[in-house]
Amino acid sequence: MRLVKLSDASAREAMREMQQKLSVTAGAVAPDSRAKTVEVFGEPLSPLESVRRIVADVRQEGDKAVFRYARLLDGVQLNEGNVRVPPAEISAARQKMSKSFLRAAEGAIERVRRFQEHVVRRGVVELVDGGRRLGVQYVPVRRVGAYVPGFSAKLPSSVIMNCVPAQAADVEEIALATPPDASGDVCPEILACCELLGMTEVYRIGGAQAVAAFAFGTASVPKVDMVVGPGNIFTTLAKREVFGEVGIDILAGPSEVLVLADDSARAGVVAADLLSQAEHAPAAAFLVTPSERLARAVTEEIEKQLAGLSRRERTAAVLEDYALAIVTETMDEAVEAANELAPEHLQISTSDNEGVLSKIRNAGTVFVGEWTPIAAGDYYAGPSHTLPTGGTAKFFSGLSANDFLRRMSVVRYDGTSLAEDSADIIELAEAEGLSAHAESVRIRFKELKRDS
């Protein structure tokens, strides 16, 4: 983990460089993914070029392209008969799970559902202005396709974090896609979570081809109205490519953590939070602090803790290429740097947590205090762990039940109110040269006068 001082000119450049590496368009990918691209396409295409080929092929060829890329990218043979996971396999997965796993998953579902139902919009009181009644109705998207990653790590928690918010919004149909292993089997923990949620439409498809199948529909995969869920750079770029054909949630790239801390923080705890996200690989880890002493202590702790991790080699590579300890002069400067980086996960561990929180503008989710590990949000607390990355927290929010609701404005006029407003409406319409607009107002009074 490289240590830089914000006062040095090179520090700002290092931050910009890191943001560029982590942006959706930069294409931060694991080495094995780069090798696979060459193997499949015969040339070192960029992630965007690869994704555009896959999306175009699925749009034109449907199932044929989906099955071809499943064979080339995942090493699995799919066909019309096995692409969808049968309900019996989903039910059987639950029976394989330990009681402790099921208890934890059920607890997470309960906590997430409680939070999402708490925040979901239920409508607004109409604005009544004379004979004008103006309101908004929130209507759920009818059909959603949720993507759950499965390459670098099996993520059953993503089933909960993507599908429970949709259920809280009363989405009618939720389909799920997740990549299988080479034998075609889907992670049983993922299937068990689907069973706990009452979900029976599950497809063993991964990557950009899964997103494209959801977006355009194939003979085997009915089209959806919205695609949600995290994934690697290929999945994220595929969502960007199909946006407009379907709705999407956010563009979520490599995982990020930024710890904002001062001398009151415990180096061992800070190091553990940084490592907890760095192990996603690719990922990024930032420590921003006015304490050089803490920065050096955290660096030492990272080395100690890294040795005991199951994914230490990949995590070490992340720390080498995508980690910075940024030392500032003051906490205000540290907050400014954090807002500029706009991280996915922001951990605050200072002597004035609430004061620091009040100055935070840009983050996916904020974790306040040393008793709030980021893992609590990843798995259990309630907000979804599908969050904006790569600085996009400046304009994106994390996934919630509200993202599955379409807002429809509802306008009601009576004759008196239209008469009061008609001159202005007609004036504006004719100023734009849209005579039919103006006539649609005038004709109402002509018809009313004739009828009376």
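Analyst: Before we start, a quick term: two residues are in contact when they have heavy atoms within 4.5 Å of each other. Keep in mind too that this is a predicted model.

Let's zoom in on strand β10, residues 283-289. Seven of its seven residues are buried, so the strand is largely enclosed by the rest of the structure. In a regular strand, side chains alternate between the two faces of the sheet. You can follow that here: Ala283, Ala285, Leu287 and Thr289 point one way, while Ala284, Phe286 and Val288 point the other way, and all are buried.

Now for the neighbours. Strand β9 (residues 255-261) runs parallel to β10, and six bridges join them. Together with helix α11 (residues 267-278), β9 and β10 make a right-handed β-α-β unit. β10 also runs parallel to strand β11 (residues 323-327), joined to it by five bridges. There, Thr289 stands opposite Val327.

Next, look at the packing. Nonpolar side chains tend to be buried together in soluble globular proteins. The largest nonpolar core here has 54 residues, and those with the most contacts inside it include Phe286, Leu287 and Leu274. Leaving aside neighbours within four places in sequence, Leu274 touches Ala285, Phe286 and Leu287, and its other contacts are Met1, Val257, Val259, Val298 and Ile302. Apart from this core lies another, of 38 residues, with Ala105, Val141, Val159 and Ala168 among them.

Methods
Residues are numbered from 1 along each chain as its sequence is written. This is a predicted model: local features need pLDDT of at least 70, side-chain atom pairs count only at pLDDT 80 or more; totals for chains, interfaces and linings use all residues. Side-chain values use heavy atoms; hydrogens and water are left out. A nonpolar core is a set of buried Ala, Val, Leu, Ile, Met, Phe, Trp, Tyr and Cys residues joined through side-chain atoms within 4.5 Å. Buried means under 20% relative accessible area, exposed over 50%, partly exposed in between (1.4 Å probe, protein chains only). Helices (H or I, at least four residues) and strands (E, at least two) are DSSP runs, numbered from the N terminus. Two strands pair if DSSP finds at least two bridges between them. A crossover is right-handed if, with the strands pointing away from the viewer, the path from the first strand over the helix to the second runs clockwise.
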